Every structure is written in C-alpha cells, then in structure tokens.
Amino acid sequence: MASTVNRRDFLRSGAGAGAGLLIALYLPSADRLTKLGERPRDDAGLSPNAWLVIGADDTVTVYFDKSEMGQGVMTALPMILAEELDADWKQVRVEQAPVTAAFIALRHGRLSTGGSTSVRTSWDPMRAAGAAAREMLVTAAAAQWGVDAASCRTESGTVVHAASKRSVSYGQVASAASKLAVPAQPKLKQASEFRIVGTRTKRVDTPAKTRGTADFGIDAHRQGMLVALVKRCPVFGGKVAHVDDAKARSEPGVRQVVQISSGVAVLADGYWPAYKGRDAIAVEWDLGPNATLDSAGIWKIFEDRLAQPLAVVRDSGSVASADPAKTVEAEYRLPYLAHATMEPMNCSAHVRADGCDVWVPTQNQTGALDTAAQITGLTKDQIAIHTTFLGGGFGRRSKTDFVTDAVEASKAAGAPVKVIYDRPDDIQHDGYRPAALHRLSAKLDANGWPVAWEHKFVAPSILAQYGKQAVEKGIDGDAVSGTGDDFPYAIPNMHVEYGIPEAPVPVWWWRSVGHSSTDFVVESFLDELAATGGKDPVELRRHLLAGSPRRLAVLNLAAEKSGWGKPLPNGHARGIALLDGFGNTIVVQVAEVSLEAQKVRVHRVTCAVDCGIVVNPAIVESQMESAIIYGLSAALMGEITIKDGRVQQSSFADYPVMRMREAPKIDVHIVESSEHPGGIGEPGTPPIAPAVANAVFALTKKRVRELPIRLT
C-alpha cells in the first residue's frame, strides 16, 4: 500500500488501491490523553491510524493500528466505519496495520493501545470517513447512470437508483470513486438509521481463536529460532557480579549463554532445555541498596512522605469553616498488584546486519520500534514490528522490557530468539500497580449529610518515569483520578492533596489505572459517611448526585435491578459503588455477599453502565464481566509483598486469580444513551472492590480499609 498522506485531511488514491478506493482515516491522538480521565472530544487532535480499502471484488478492508487483547476493538472499530459506509458487513475484512514510519509520524509519533481510548477516540473520524466514502461511491454511480446523486441511495454495499431500478455494487464503482474529491463534511446518519452499530455483531477474532489458528506472540516461529529464559537479579536494582555458566552450557539443547541488560539469558533449542540451563547457572549478584527492603519499610516511606507537604489537587469551599455535627476519619491502604497476563510474557526478535524483525504481543508498537532501533543501531525503516494477538494485556504489555530482552538476546546470539517469561519470572519482575496510603476526614451536618471532605494520600507515580514535565506541579494526573475536579459527588467544601513517595519498586499501569485505587477509597469512605449519618448508602448517593442526572440514572438502575432494599437470604448483604471516568462512562455495581468459613463469597454482581452510544452490546457486557472478575481477584486475593528486596509471590498458587467455581452471577444492564461513546475496557474494574467491601460492612459491621479483604 503506497500513498502520499497529508495531515488533517482525507486522502484518496486509486493507484494505492489497485482498481479500488483507498481512504486514509484521521483519528484523534490517544497519546494526548495522558490524563486518562480526560474527555477526548474536547481537545483531541487528528491523525491517521487506520486505512479503508474497497476492492473491485466488493471487499471492504479496514486496517487498524490498535492491539486486540480480548477487548473487542478489532470488531468495534470496523463496525463504526461500516455503519456510515453502509457496507455489507459480510464483505468487511479487518487487517492489522503495519507499523510504518508513515503511520507513526501521522499519529503524532505514537502507536499504542490503552486507557480505554480506542472507540471513544475513533468514533467521530471513523464515522466521517465511512460517510465520505459512501458519498463518493454514490457520486460515481450517479455519474455513470447520468442521474442526480440525490436520487440515489445506498443499501448494504450497493448503490441503488430506485426510479430506474438500477443498482451497482461498491466494488464496481470503487475505481471511479477514487478519482473524486473527498467530501469535507459528509452527511452522517441519524442514530435511528443505524443497522450495524448497536447490534450484537459477532467478533471477527473469535473464529481463529476458537479454532486455534490465531497467532499470539507465543506462536511466533522462524527457522533456527532459539528459546531464551533469563535469570534476573531477584532484588530490585541489583545486577550481575559474576557468572559461572559451565554447567548450563553442558545441558543438552543449550546453545548459548549471553549476558543482557536484565540478567543472563540461556538460549536453547526449546523451552525445557532453556529452563534447565537457567537453573544450572551459578550467578553471583551485586544486590545493590535494596537488599533489606521489605513491605514494612515501604509503608514507612509512604507514612513519612504523607507527613511532608503535599501538592494541592483540589481546594473548593472552606473545609476549615464547615461546622460539623459529626466528624469521620479513616486511613486506607492498597497493595502493589501484578498484572498476571494469561499468555506468558514473550517476544521474538531476529536481528540481522541489514534489518530486524520483532514479533510481539504489544500494546505499544512505537515503544517496541524505538527499543529495537536503540539496541540495534538500525534505522526505524529497517525494523519491522509484527503485532500479534495478546493473551491479556491489562497495561503490562505497554512496557517494553520484554522487547529489550528479545532484541538484545538475538543481537548477541546472531540468531532469531524467542524470550519467554515463566510465571515466577513474570510475577517477580513486573511493573506493579502502585501501592497507596490515604487519610481522609469528613464533616457531617446535623441532618447527617456530608458538608466537608479532606483527603490526603501518597502513591508512586507512573507518569514521573517520563520526566518532570509529566508530573506538573507534583501531581500525577492518573494517580489522582476521581479525587479532584472529576470527583463525582457534590460536597460543598473539599480539600485534596497528593504526594509521590520514592519507593524503589517498579510501577506501571494496571487495568483501570488510577481509578482502581482512588475509587476504592472514595466509595468506601462514602459508605462510612452514610453509616455515621444514619443514611442508606443509595440514599446518600442520590442526595449527592441530585445535580447529575446521568449518574443518578445509572445509580437508580443498578439499585432497581439489584433489588436494593428488598430482603435477602439470611447471612447475605449488599454493597454499592460508582465509577465515573474514561471519557464518558458511568458504572454502578451492587455486590451481594456472604461469608463462608470467614471468607467472603460474592454471589451476584448487578452492573449498570452508561457508556454513551453502544457500538456492540455484547462487547460491552463481556468487558463488564471480565473487568468485574479481574477486580474481584484483586479485591479478594491480590497482593504483592516484599521481603529482602524481592517479591515474595511467584505463581498463581500464591498470587491467585478467581476460578470459575468462585465466579458470581453477573447481570449487566446498559443504559440507552445518545451521548458520545466512552471507554469500556477498564471502567468495570474500579467499583467492584468497594462494592464488595461495603457489602462486607453491611453484613459484619466490620469496615474494610485495606486490600485484599481479610476478615481474620
């Protein structure tokens, strides 16, 4: 596909599409959404990240530059375009876009997937591009027939002139259409005209995944490819001091042992010989300054930082002047969390003198390209990044450490190399969801309503890794999600402060990022205020959301569908929590719990969601279900602890995820909406932990202020 592309405009190219029509789409730049709660439609720029090709054979091919990690974007984005194009969905094909310099440059320098941005940032330009192409096809057909274009209509991949009973397929006029000017302001459909958007269209990636023919990163293979496992220093910040690899080299199947920046890589004919070889290496480590670090020491770092001056996130009204009838104070703690992707972390690379290929299940194609270029010294156009399916991302695969391992190992070995993390390697050498320490106080008036809210907290900054400019005035915009101006509740006097503790544990984005931490605290503390003020938790939220009709509607729907206030079986109780974030999405969840042998059992989760216009209800439902299960795993079991400078957990045995037999019944109710689409991949995770914790309080009168939830 060769083409010249002009920024902030459409492009057509008959030559590029052969006998068909090619249009480059200009989509908003998700990389500008560094604050993940930011609403993109207000300031998003335009840049290309997808291509539409209508072939002479009537096929409609959509190339997209996102990563499909189970969230359904490979289906949702083409649905948007196909809707306005009025395409025959059976003729639509979806292909992964190549990672080329042209794409990256026109995408403001970055190709990546994260922050639940794909649909919400693609909605408007995808629609405009599909509509523009449809108008061009109609114009071309009308000219061919010598009729007024206004007398023609489209219908499922066909242009129709009803008066003369003539019709022509898109493919038959695609070449002629490609020679026309692209409409600057194509007419968009009314929502009442949608016939693809809003339907339960089957996902395009399902057949290959169910047949076992889909290519994940772990499936990459090339002639002569070696498998590598890396022996890393178990202590954060440690490094290799001395290596005795004689025994490893004597293992059958071991071909090479090479030192790379993250440790010592054993390259072998397969996984098992590489595993045995790694076990056989004797490495003397320079453990560095963190060899005695433990979880207690980390919490001491947090406490000391909280006692120091913090950055002001929000200061509205006057907390000091509010005259309270009652005051409530609480402290909350959240642990570090690992990602635990189901597909083992992996990357394959083949470094040669004249080029480099990287096969990688990545959320960060630009980062992979930059990493390979830096290590090899090759120019970026000499490097090919092959994006595969991802067996779970959750933010983990936006790091590039595993790309570094593969490229360095291949460069050292002079052969294609696939690096695989076994489960301990993954759990103990992750970038972790930041731990956090929160202290709050609130004042209630004589009627039990909150009138003042003070919130001070510390949590390591992920954005700070990108430099001081990413943490303006000491505030990580992601870490403070939902606590500042985007705080959803109307409390007249608020003061919020935040600080960054310097703990030597590597941190990274985790599914639902900052909201996963702050929403647990806000929604749990709100439940404390309801109990202190003698209010029902739903009643309190209704009072505070009275001026927010969308939020109130979602709250009421969740309450109604869950049977809030109605009797439950003995030993059961409900809890409720809300999220508002990720562009334009509101989620309210009600958890029904009981205790079994002093452990929390979640029986049912009722989820109401307003994410604006819904592209595919089936995808929204599955994303809510997935996010709830992911959040429950963390709420009930997830915790990374540190001893002697190293992570204590090593597998699903001591870092468990929810099993099928433990999963609750989940009901998802979608609010019909005409609002701009919001994110959907992550918003279902944050409310579940506070909903469960609040249910535990309703059942036991024991307040949960630390995760994971423990009752003994």
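Mentor: Let us begin with Ala-330, which belongs to strand β15, a run covering residues 326–334. What you are looking at is a predicted model, and the values below are computed from it. Ala-330 has a relative accessible area of 11%, and because the cut-off for buried is under 20%, it is classed as buried.

Once neighbours within four places in sequence are set aside, the contacts of Ala-330 are His-438, Arg-439, Leu-440, Phe-525, Glu-528 and Arg-705. Ser-441 lies 111 residues from Ala-330 along the chain, and yet the two C-alpha atoms are 6.5 Å apart. That pattern can be set beside the contacts of the whole protein chain: among those between residues at least 6 apart in sequence, 76% join residues at least 24 apart.

For contrast, consider another alanine, Ala-101, which is placed in helix α2, residues 101–106. Ala-101 has a relative accessible area of 51%, and because exposed means over 50%, it is classed as exposed. Its C-alpha atom is 35 Å from that of Arg-255, a residue 154 places away along the chain.

Most residues other than glycine have a negative phi, and most peptide bonds are trans. Phe-582, which is not a glycine, has a positive phi of about 60 degrees, and it sits in the loop that joins β23 (573–581) to β24 (585–596). With a relative accessible area of 0%, Phe-582 is buried. Ala-597 also has a positive phi, near 55 degrees, and its place is the loop between β24 and β25 (599–610); at 78% relative accessibility, however, Ala-597 counts as exposed. As for the peptide bonds, the one leading from Leu-707 to Pro-708 is cis, with omega near 0 degrees, and Pro-708 is found in the segment after α16 (688–700).

The cysteines deserve a separate word. A disulfide is a covalent bond between the sulfur atoms of two cysteines. The structure holds 0 disulfides. In the case of Cys-607, the closest cysteine sulfur is that of Cys-611, at 9.8 Å, which is too far for a bond because a disulfide needs the sulfur atoms within 2.5 Å. Cys-607 is itself buried, at a relative accessible area of 0%, and Cys-233, at 8% relative accessibility, also counts as buried.

The protein chain contains 16 helices and 28 strands, and 61% of its 712 residues count as buried. The radius of gyration is 27 Å, which agrees with the value near 27 Å that a compact globule of 712 residues would have. Along the principal axes, the C-alpha trace spans about 80 × 75 × 50 Å. The chain exposes about 27,400 Å², of which carbon and sulfur atoms supply 50%. Its charges number 77 positive and 79 negative, and the mean positions of the two sets are 2 Å apart.

Terms used. Residues numbered from 1 in each chain as written. Predicted model: local features only at pLDDT ≥ 70, side-chain atom pairs only at ≥ 80, totals over all residues. Heavy atoms only, no water. Helix = DSSP H or I, 4+ residues; strand = E, 2+ residues; numbered from the N terminus. Rg over C-alpha atoms; globule rule 2.2 N^0.38 Å. Buried < 20%, exposed > 50% of the residue type's maximum accessible area, 1.4 Å probe, protein only. Contact = heavy atoms within 4.5 Å. Areas by Shrake-Rupley, 256 points an atom, 1.4 Å probe, with all protein chains shown as cover. Lys, Arg positive; Asp, Glu negative; His and termini not counted. Charge placed at Lys NZ, Arg CZ, Asp CG, Glu CD.
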